[in-house]
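Subject: Structure handover

Hi,

Here is the structure I promised to pass on. Please open it alongside this note, and my findings follow below.

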Amino acid sequence: MIPSIPQPLSFRAAYGAYVALFFVYLVMPLIVVAVFAFNDSMFPSLPWGGFTLDWFFNPTEPRLGLFHDRRLLSGIWTSFYIACWVTVLSVSVGINNAFLFERREFPLKNLCYMLMLLPLVIPGVILGISILVFSSTIANFLETTIGLDLEFLRPSTFLVVMGQFSFISTITTLIIAARLRKFDTDLEEAAQSLGASKLAAIWTVTIPYLKPAIIGAAIVSFLMSFENFNTTLMLVGSDQPLTIAMYSRLREGSTPELNALSLLLMAVSGGLALLSVFVQRDRN
Amino acid sequence: MNMQTASRLSLILLLAPLVLWLLVLIILPHVDMFLVSVHEKIAPRVYEYSTANYAAFFTEPLYWNTFMRTAMMSIMATALTLVIGFPVSYYIAKMLRGRFKNFLFLLCLVPFWVSELVRTFGWMILLRESGVISGLLQSLGLASQPIEMLYNDATIMVGLVYTSMLFMVVPLVSTLDSLDDSLVEAGYDLGGNAFTVLRKIIIPHAMPGIVSGCIVVFMLTLGNYLTPVLLGGKDSMWFTQMIYTQFITRFNWELGAAFGFLLLALSSLIVWSGLKLSRQTLTEAVG
């Protein structure tokens, strides 16, 4: 079953057809979402009503276009705001953890490493509710003891950022640590023997070396945050991020405006994906 | 300041974010959730230690059945993802070379970059009564009237397998990639047929990839919310949906926390037994 071992033609053809079918399965839902963004009809379904750009640009109800829909646009803004915070926080913690685990020895290091991986095997819904429960406990405690009502500890954008940060940090740590592991520490020592302080050596030699991994981790955490649903659902406050706003539209049944939005999302995440591939290539 | 104090200080500074993160966002919340789950509301704002929430889970058939159903369907989805994804991974890893191989591998990653919401939306457009597949079947004369393909278990399964595929294919391709062709050739030279080579050489070699793929897929499926709810409709009976109902709709946090803990226990149990079966540690499987 490798190219150097002859196989009957029928087997090869069947195998190739299976793989081709698999890729059809993979891209089909994405293609129909994109195509129906241009359907000149009130529903994203058959019959095909002809081509239109209304679902992007039309300014009035009932055929409200995406770029005039205040609710969805504010959802995009909320998600963007959350994703920026999550990216900054989890990339910083990721860099920090990478140095901690790759460079230092300390008691209980293995236990800490295992705990660091744990968020990856906890379902997102559970992360969400546990943070919700804990922050409410703190808020209730502060309210009953010192009469302080901290609004941000109730479901809010702050809690959404915390919830997403809690597991995205693991991923940024893994990405950055993998790159740091390959770094030749002799280079840092050379910088130090040429008169740089330890911090200056890290800043001018190690961090530039880590840059592809840092950018890659930033892109991944931005996208994971932007697209997160499970954890966000449990912690969301009055400002709805895009995924939550889209979800409620989807349940109500929606116009092809949602297809237009999906197409936009696909284009942006596709662009970011290409960018991260480009950055990764720099790595080799 | 001497070297040793400086080194200790920098270690503390490096440890602080990690400890803060794990303690405040992971460990304490889960401890608190457990504490809430063993309380019962006996009057407004009055709570008492009790195991009533767990008792309710075991005595109320709806809860128990939903839990078992979610577990069974997740196991099935994991198995299907493995069976469907393995030949494709093998094809990419061993049958192809060069640019085309890289291209197909990247194509496998595409759905990951697209939000799960968009992917599920795509399946809804394909499968609904006025959807693409129903329309296609009618125009081919295979169906005389529109067919509703949403809101049943098979559809949930299609969506779950679709969403999970990437997490199976990536670890499989990377372990199969490291299999030396000469081992497969040697298997044939020694008289093995395709089936024995697969069973004795390829699968044992791919085992670490199979295990880490299955663990991640199972866990993601168990904790999935969107796919079962959107593709399965109101009666999808998925356990995460039940947790959501208790927390947000019924505002019964004690029962919801108990449910959350049970789901976490099941997921951890499966992850742990998967690791034990394959003699791996968590660090090797996901790290």
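Helices here (H or I, at least four residues) and strands (E, at least two) are DSSP runs, numbered from the N terminus. Residues count from 1 along each chain as its sequence is written, while chains are lettered from A and ligands numbered from 1 in the order in which they are written. This is a predicted model, in which local features need pLDDT of at least 70 and side-chain atom pairs count only at pLDDT 80 or more, whereas totals for chains, interfaces and linings use all residues.

First, confidence. The predictor gives the complex an ipTM of 0.85 and a pTM of 0.87. On pLDDT, the predictor's confidence in each residue from 0 to 100, chain B has a mean of 84, with 98% of its residues at 70 or more. Within chain B, helix α3 (residues 61–95) is highest at a mean of 90, and helix α13 (residues 282–286) is lowest at 69.

Next, the contact between the chains. Two residues are in contact if their C-beta atoms, placed from the backbone, lie within 7 Å. Chain A brings 69 residues to the contact and chain B brings 66. On the chain B side, helix α1 (residues 3–37) gives the most, with 15 residues. That side of chain B has 46 nonpolar, 13 polar and seven charged residues; here Ala, Val, Leu, Ile, Met, Phe, Trp, Tyr, Cys and Pro count as nonpolar, Asp, Glu, Lys and Arg as charged, and the others, Gly among them, as polar.

On burial, a residue is buried if 20 or more other C-beta atoms lie within 10 Å of its own, exposed if 12 or fewer, and partly exposed in between, with C-beta atoms placed from the backbone. A nonpolar core is a set of buried Ala, Val, Leu, Ile, Met, Phe, Trp, Tyr and Cys residues joined through C-beta atoms within 7 Å. The largest one has 145 residues, and I129(A), I176(A) and L263(B) touch the most other members. Setting aside residues up to four places away in sequence, I129(A) touches M234(A) as well as residues of chain B, including M33(B), I243(B) and F247(B).

M162(A), in helix α6 (residues 157–181) of chain A, is buried because 25 other C-beta atoms lie within 10 Å. Beyond its neighbours within four places in sequence, M162(A) is in contact with I131(A) and L25(B).

Two helices of chain B are worth a look. The bend at a residue is the angle between axes fitted to the seven residues ending there and the seven starting there. Helix α9 (residues 194–222) has a kink of about 55° at M207(B), shortly before the proline P208(B). Helix α7 (residues 153–177) bends by about 45° at S164(B), yet reaches 35 Å, close to the expected 36 Å. Of the 25 residues in α7(B), 18 are buried.

Finally, which residues other than glycine have a positive phi? One is L108(A), at about 65°, in the loop between α3 (70–103) and α4 (109–117) of chain A. Another is F251(B), near 60°, in the loop between α11 (239–249) and α12 (253–277) of chain B. L108(A) counts as exposed because it has 9 C-beta neighbours inside 10 Å, and F251(B) is exposed because it has 8.

Best wishes

Definitions and conventions. The expected span of a helix is 1.5 Å times one less than its number of residues.
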